Amino acid sequence: NVMPPPPSLRRGRDVLVTGASGQDAAFLIRDLLHAGHEVTGVCRACTRSPSALWRLATLSVVDHPRLDLVAADLADAPTVADLVDRTKPSEVYHLAAESNVPRNDAFPLDAVQSNVVASVNLLEAVRNLAPHARTFIASSSEVFGDAASSPQHERHPYRPRNMYGATKAFTHSLATHYRENHGLFVANGILFNHESALRDPAFVTRKITRYAANARNAREPLHLGNLDTLRDWGYAPDYVRGMQAMLEAPVAGDYVLATGVARTVRTLAQQAFVAAGVTLAFEGSGFGEVGYDANTGRVLVCVDPSFWRPSESVPLVGDPSKAFRDLGWAASTPMHVWIETMVEADQGHPNLTHPKIRILQYSTG
């Protein structure tokens with residue numbers, strides 16, 4: 001019993017983007033609209049909390065006339081099938097997922113529904129109702145988990161260490177199955193960490209830039225975990241450009257999107273404070289390490305044992321050489337540049353509200 005979609009959900013819309021309230025989807029939707037596409041953006045959370053669409057509002061596209069925002073549960077197969085049938089997209093970007101690692105571990109069945117079942121429903125709908133559509137599936141560096149060697153490439157073994165990585169590894173395999181056994185154009189993007197001012201404050205990068213931007217008014221130091229933790233960090237708009245390049249390629253494939261360079265949390269923090277006009281120096285080690293203002297001596301960063309995670313014996317660092325060779329893609333924005341954009345946004349205290357948004361309710365009933 002599927003409710004018919006609202007009349008404004010016209011047949012033949014150009015691009016379908018799931019996870020429309022997220023960081024990557026916001027940049028992607030902006031790019032697609034600027035390129036002249038018509039876009040249907042799907043998000044589950046927008047009816048529960050319309051403020052979740054603040055990213056689209058920040059980019060000034062939330063009320064764009066060629067964007068339809070649809071509230072739908074991708075874990076419901078009839079809803080997904082009818083949505084794909086009605087929109088008949090030429091391109092599909094599947095970005096929706098529960099990406100909070102602790103939440104995935106705490107609620108594994110929810111993780112499977114959000115990350116696996118939703119993907120099966122979408123791929124099945126495309127196979128049956130829009131087989132000529134080109135589909136992008138967002139995978140993750142978390143599929144490599146406890147990697148045996150570094151850097152990691154497209155043929156590297158999967159060894160996920162958490163529920164999020166496990167569900168992404170399964171979804172990646174599903175996408176490969178639909179490509180190889182059903183002849184669909186399905187590309188897997190194995191995305192390493194990528195950040196921006198649209199990143200959720202719960203992520204360590206945004207936590208650091210927010211604090212650095214307002215450090216002079218802070219009453220206590222910034223609490224971080226293991227400062228030696230290494231990550232391959234890039235800039236989200238670069239990675240969104242890579243997603244689009246995958247669907248423009250003559251043949252579908254799997255691609256690692258990464259910078260190929262690992263940096264510590266300590267380095268990220270230093271660059272964030274430099275962007276805020278503060279020289280951050282460190283002394284001590286382990287739980288006793290602190291970061292302080294080199295000019296005033298004021299302690300700005302401390303290590304909190306409750307956030308501590310041991311460093312991986314082999315860091316997660318991506319090998320993007322295939323993407324460069326086949327797609328001409330590279331992570332072109334230097335780290336200090338995108339950190340500066342984040343600090344500047346946090347110094348400006350961006351208004352996370354938005355204008356009145358028209359959201360199309362679309363669900364089974």
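## N162 and its surroundings

Setting aside neighbours within four places in sequence, N162 is in contact with V101, D105 and E142; contact means heavy atoms within 4.5 Å. N162 sits in the loop between β5 and α6. Helices (H or I, at least four residues) and strands (E, at least two) are DSSP runs, numbered from the N terminus. N162 is buried, with a relative accessible area of 16%. Buried means under 20% relative accessible area, exposed over 50%, and partly exposed in between, using a 1.4 Å probe and protein chains only. N162 and D105 are 57 residues apart along the chain, yet their C-alpha atoms are separated by 6.7 Å.

## Model and confidence

This is a predicted model, in which local features need pLDDT of at least 70, side-chain atom pairs count only at pLDDT 80 or more, and totals for chains, interfaces and linings use all residues. Residues are numbered from 1 along each chain as its sequence is written, and side-chain values use heavy atoms, with hydrogens and water left out.

pLDDT is the predictor's confidence in each residue, from 0 to 100. The chain averages a pLDDT of 89, and 90% of the residues score at least 70. Two stretches stay under 50. Over residues 1-12 pLDDT is under 50, and the model has 36 contacts beyond four places in sequence for them. Residues 350-359 also stay under 50, with 25 such contacts. Where pLDDT is low, the predicted coordinates should not be read in detail.

## α5 against α6

Two packed helices are described by the angle between their axes and the distance between the axes. Axes are lines fitted to C-alpha atoms, for helices over the stretch in contact, and angles run from 0 to 180 degrees between N-to-C directions. Helix α5 (residues 108-129) packs on helix α6 (residues 163-182) at about 15°, with the axes 9 Å apart. α5 and α6 are therefore roughly parallel to each other. Angles under 35 degrees count as roughly parallel, over 145 as roughly antiparallel, 65 to 115 as roughly perpendicular, and the rest as oblique.

The crossing of α5 and α6 is right-handed. A crossing is right-handed if the near helix is turned clockwise from the far one by less than a right angle, and left-handed if anticlockwise. The contact of α5 with α6 divides into 12 nonpolar, 5 polar and 2 charged residues. Ala, Val, Leu, Ile, Met, Phe, Trp, Tyr, Cys and Pro count as nonpolar, Asp, Glu, Lys and Arg as charged, and the others, Gly among them, as polar.

## α7, enclosed

In helix α7 (residues 204-213), 7 of the 10 residues are buried, so α7 is largely enclosed by the rest of the structure. The buried residues are T205, R206, I208, T209, Y211, A212 and A213. They pack against α2 (54-58), β7 (194-195), β8 (222-224), α9 (265-275), β15 (299-303) and α11 (335-347).

The axes of α7 and α9 come within 9 Å and cross at roughly 30°. The crossing is right-handed. T205, I208, T209, Y211 and A212 of α7 meet V265, L268, A269, A272 and F273 of α9. By class, this contact has 8 nonpolar, 2 polar and no charged residues.

## α9 against α11

α9 also packs with α11, at an angle of about 55° and with axes 9 Å apart. The two helices are therefore oblique to each other. Their crossing is right-handed. L268, Q271, A272 and A275 of α9 touch M335, H336, W338, I339, E340 and V343 of α11. These residues divide into 7 nonpolar, 2 polar and 1 charged.

## Backbone exceptions

Most residues other than glycine have a negative phi, and most peptide bonds are trans. P151 lies in the loop between β5 (134-140) and α6.

S60 belongs to the loop between α2 and β3 (67-71) and is exposed, with a relative accessible area of 58%. K88 is in the loop between α3 (77-87) and β4 (91-94), and at 31% relative accessibility it counts as partly exposed.
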